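User: Hi! I would like to learn how to read a protein model, one feature at a time. Could you walk me through it?

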Amino acid sequence: CIRDRTYPGTAVVENTVPTFIHSPTCGELPGWRRHDSPLALCLNLTDEFIRYPAMSSLLICYHSQSGSCVRLAQAAWRGARQEEGATVSAMRAWDAGIGDLRGADGLLLVVAENSGSLSGGGKDFLDRVFYPAIDAELVLPFALVISAGNDGRGARRQAQTILSGIPFTPAAEPVICRGPVTGQHLTACEALGLGLAAGLGMGIY
């Protein structure tokens with residue numbers, strides 16, 4: 001693993017889609033940092049720690065057979081990482097579970113539509129976390145990216161129905177990418193990732 005120069009103490013683990021795991025710098029508490037701005041100098045606060053909001057955590061969960069959803073998830077990850085202070089994790093739907101949702105502040109689900117419904121891996125993930133999330137009383141904001149041949153509305157409705165039943169709350173309009181992945185699709189996913197991460201950071205969801 002390597003170290004992120006922007007956020008000392010942040011471990012970077014690379015996989016199909018990289019996963020970033022935050023750990024505090026030795027000697028400091030999570031969410032704290034020394035404030036050396038001109039205002040702090042005037043107020044003699046340089047020897048104090050000022051509390052900042054804790055980092056927000058976004059889980060990007062994806063299922064892909066053809067590779068299209070991997071590319072869309074990577075674009076969303078790139079966008080989310082542009083938000084200062086965001087912790088972004090990307091996991092395959094087969095590998096993700098209730099423990100990962102417990103550690104997240106928001107969910108971005110990237111799945112494909114097959115025969116008018118959710119692809120197997122995406123549906124399996126939602127089935128596995130549905131009742132455990134209800135039992136844990138999780139209420140998370142979510143967003144959807146659907147890769148579809150020529151429609152996508154069936155998978156969108158199915159995912160929205162399941163997630164809203166937990167209940168998770170929609171944070172943005174779903175992005176439906178029809179046909180082969182294009183630059184426009186990647187741009188839309190990157191913007192969605194950035195917007196969701198920014199909203200989590202500001203606490204607006």
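Analyst: Happy to! Let us begin with strand pairing: two strands pair if DSSP finds at least two bridges between them. Helices (H or I, at least four residues) and strands (E, at least two) are themselves DSSP runs, numbered from the N terminus. Here, strands E6 and E7 run parallel and are joined by six bridges. Within that pair, Ile-60 stands opposite Ala-90 of E7. Please keep in mind that this is a predicted model, where local features need pLDDT of at least 70 and side-chain atom pairs count only at pLDDT 80 or more, while totals for chains, interfaces and linings use all residues. Residues are numbered from 1 along each chain as its sequence is written, and side-chain values use heavy atoms, with hydrogens and water left out.

User: How many helices and strands does the protein chain have?

Analyst: The protein chain has six helices and 12 strands. Contact means heavy atoms within 4.5 Å. For contacts in the protein chain with a separation of 6 or more, 72% are between residues 24 or more positions apart.

User: Are the residues of E6 buried or exposed?

Analyst: First the cut-offs: buried means under 20% relative accessible area, exposed over 50%, and partly exposed in between (1.4 Å probe, protein chains only). In E6, six of its six residues are buried. Both faces are covered, with Ser-57, Leu-59 and Cys-61 on one side and Leu-58, Ile-60 and Tyr-62 on the other. For the protein chain, 45% of the 205 residues count as buried.

User: Which residues touch the most other members of the largest nonpolar core?

Analyst: A nonpolar core is a set of buried Ala, Val, Leu, Ile, Met, Phe, Trp, Tyr and Cys residues joined through side-chain atoms within 4.5 Å. The largest one has 29 residues, and Ile-60, Leu-72, Leu-108, Val-110 and Val-145 touch the most other members. Elements that each supply at least two residues of this core include strand E6 (57-62), helix H2 (68-80), strand E8 (106-114) and strand E10 (141-148). H2 gives the largest share, eight residues. Apart from this core lies another, of 28 residues, among them Leu-101, Val-129, Phe-168 and Ile-176.

User: What is Val-110 in contact with, leaving aside its neighbours within four places in sequence?

Analyst: With that exclusion, the contacts of Val-110 are Ile-60, Cys-61, Tyr-62, His-63, Cys-69, Leu-72, Ala-73 and Val-145. Ser-119 is found in the loop between E9 and H4. Ser-119 counts as buried because its relative accessible area is 2%.

User: What should I look for in the backbone angles?

Analyst: Most residues other than glycine have a negative phi, and most peptide bonds are trans. Ser-115 has a positive phi of about 55° and sits in the loop between E8 and strand E9 (117-118). Ser-115 is exposed because its relative accessibility is 83%. Glu-137 has a positive phi too, near 55°, and is found in the loop between helix H4 (120-135) and E10. With a relative accessible area of 69%, Glu-137 is exposed. The peptide bond from Ile-166 to Pro-167 is cis, with omega near 10°. Pro-167 is placed in the loop between helix H5 (153-164) and strand E11 (169-170).

User: How many salt bridges does the structure hold?

Analyst: A salt bridge is a side-chain nitrogen of Lys or Arg within 4 Å of a carboxyl oxygen of Asp or Glu. The structure holds four. One of them joins Lys-123 to Asp-127, with the closest N and O atoms 3.0 Å apart. These two are separated by about one helical turn because they are four residues apart in helix H4. Another joins Arg-128 and Asp-124 at 2.8 Å, N to O, and that pair is also four residues apart in helix H4. Arg-153 forms a salt bridge with Asp-151, where the closest N and O atoms are 2.7 Å apart. Arg-153 is partly exposed, at 44%, and Asp-151 is partly exposed as well, at 23%.
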